[in-house]
Amino acid sequence: MDRRKFLKLSAGAGAFALLQMTGVSCKGPGGGMVIQQSLPFKADVLEPYISEQTVLIHYGKHHAGYVKKLNGLIKGTAYADLSIEEIIQKTYGNAGETDIFNNAAQVFNHTFYWHSMKQGGGGEPSGIIAEKIKADFGSFYAFKKAFTSAALSQFGSGWAWLVQDGDTLKILKTSNADTPIAQGLIPLLTIDVWEHAYYLDYQNRRADYIETYLAHLVNWEFAQANLAG
Ligand code: MN
């Protein structure tokens, strides 16, 4: 999909309307400095699955660090007047702008990650998202297997995603800061598989973290609200 078509689609799509509604969008068009959106929950509510300490360090040091770095990089440039999504799309693949892309994408990815989880989440979804998963993966079990496999096999740092590509749901894994919105895909759900997301609670046991995320944390209402069309 070309960028113009994508921007047109995203303007009317569930994902971006919701991002703005829920405050996931970190910066409006012409919005100046990037702000770090508040967590959508209190830092201790994901316990015992993700500790308050992990959330506080992850949000307060890692996520905050990307926001601070990005603001330093875009200050006084044309990027200061663009939304996060536009910065990501304009810098994607530009060798001289890797730093801006990486920090902008990490701001988006982290904000999206916090909204992908909730207290009392996880398990099987219901409603339209459940029907879409069954139609596109065959079963919830097959979805779980594909999502787990992507999150587990991402070598080194990165993310696993449930995305919408046209009318079809797909699983995607991205490396480092890479993000589906750079590729014209609509993200529905993500898990951060950088070690900082789970090391304090799970050490090297990434598989346990992924299983716990699916069983106890996924915010299916968020995923469903991001569905477009
Ligand atoms: Mn992270």
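Donors are N, O and S atoms within 2.8 Å of the metal (3.2 Å for Na, K and Ca); water is not among the atoms, so sites may look incomplete. In this predicted model, local features need pLDDT of at least 70, side-chain atom pairs count only at pLDDT 80 or more, and totals for chains, interfaces and linings use all residues. Residues are numbered from 1 along each chain as its sequence is written, and side-chain values use heavy atoms, with hydrogens and water left out.

## The manganese site

Four protein donors hold positions 2.0 to 2.2 Å from the manganese ion: His 58 (NE2), His 110 (NE2), Asp 192 (OD) and His 196 (NE2). Along the chain, their spacing reads H-x51-H-x81-D-x3-H. Asp 192 and His 196 are both buried. Buried means under 20% relative accessible area, exposed means over 50%, and partly exposed lies in between (1.4 Å probe, protein chains only).

Which residues does His 63 contact? Contact means heavy atoms within 4.5 Å. Neighbours within four places in sequence aside, His 63 is in contact with Gln 36, His 58, Val 107, His 110, Thr 111 and Trp 114. Two of these, His 58 and His 110, are also donors of the manganese ion. His 63 sits in helix 3. Helices (H or I, at least four residues) and strands (E, at least two) are DSSP runs, numbered from the N terminus. His 63 counts as buried because its relative accessible area is 1%.

## The strands

Strand 1 (residues 158-165) and strand 3 run antiparallel and are joined by six bridges. Two strands pair if DSSP finds at least two bridges between them. Leu 162 stands opposite Leu 189 of strand 3. Strand 3 is mostly covered, with seven of its seven residues buried.

Strand 1 also pairs with strand 2, again in the antiparallel sense, over eight bridges. Here Val 163 faces Lys 170 of strand 2. The hairpin of strand 1 and strand 2 has two residues between the strands, and Gly 166 takes a positive phi near 65° there. In a regular strand the side chains alternate between the two faces of the sheet.

## The nonpolar core

A nonpolar core is a set of buried Ala, Val, Leu, Ile, Met, Phe, Trp, Tyr and Cys residues joined through side-chain atoms within 4.5 Å. The largest one here has 67 residues, and Ile 191, Tyr 209 and Trp 220 touch the most other members. Helix 5 (residues 98-115) gives the most to this core, with nine residues. At least three core residues come from each of domain 1 (22-37 + 48-115) and domain 2 (127-225). Domain bounds come from an automatic or database domain assignment. In soluble globular proteins, nonpolar side chains tend to be buried together.

Tyr 209 touches Ile 50, Tyr 113, Ile 191, Asp 192, Val 193, Ala 197, Tyr 198 and Tyr 202, not counting residues up to four places away in sequence. Asp 192 in that list is also a donor of the manganese ion.

Ile 50 is found in the loop between helix 2 and helix 3. Is Ile 50 buried or exposed? Ile 50 is buried, because its relative accessible area is 2%. Beyond four places in sequence, Ile 50 touches Val 55, Tyr 113, Met 117, Asp 201, Tyr 209 and Leu 217.

## Pairs across the sequence

Leu 152 belongs to helix 7 (residues 140-153). Leu 152 counts as partly exposed because its relative accessibility is 42%. With residues up to four places away left out, Leu 152 touches Arg 206, Ala 207 and Ile 210.

Separations for two pairs:

| Pair | Apart in sequence | Apart in space, C-alpha to C-alpha |
|---|---|---|
| Leu 152 and Arg 206 | 54 residues | 6.8 Å |
| Ile 50 and Ala 197 | 147 residues | 8.8 Å |

## Backbone features

A cis peptide bond joins Glu 47 and Pro 48, with omega about 5°. Pro 48 lies in the loop between helix 2 (14-22) and helix 3 (52-74).

Asn 176 is not a glycine, yet has a positive phi of about 55°. Its loop runs between strand 2 (168-175) and strand 3 (186-192). Asn 176 is partly exposed, with a relative accessible area of 39%.

Gln 203, also not a glycine, has a positive phi of about 50°. Gln 203 is placed in the loop between helix 8 (199-202) and helix 9 (206-217). At a relative accessible area of 33%, Gln 203 is partly exposed.
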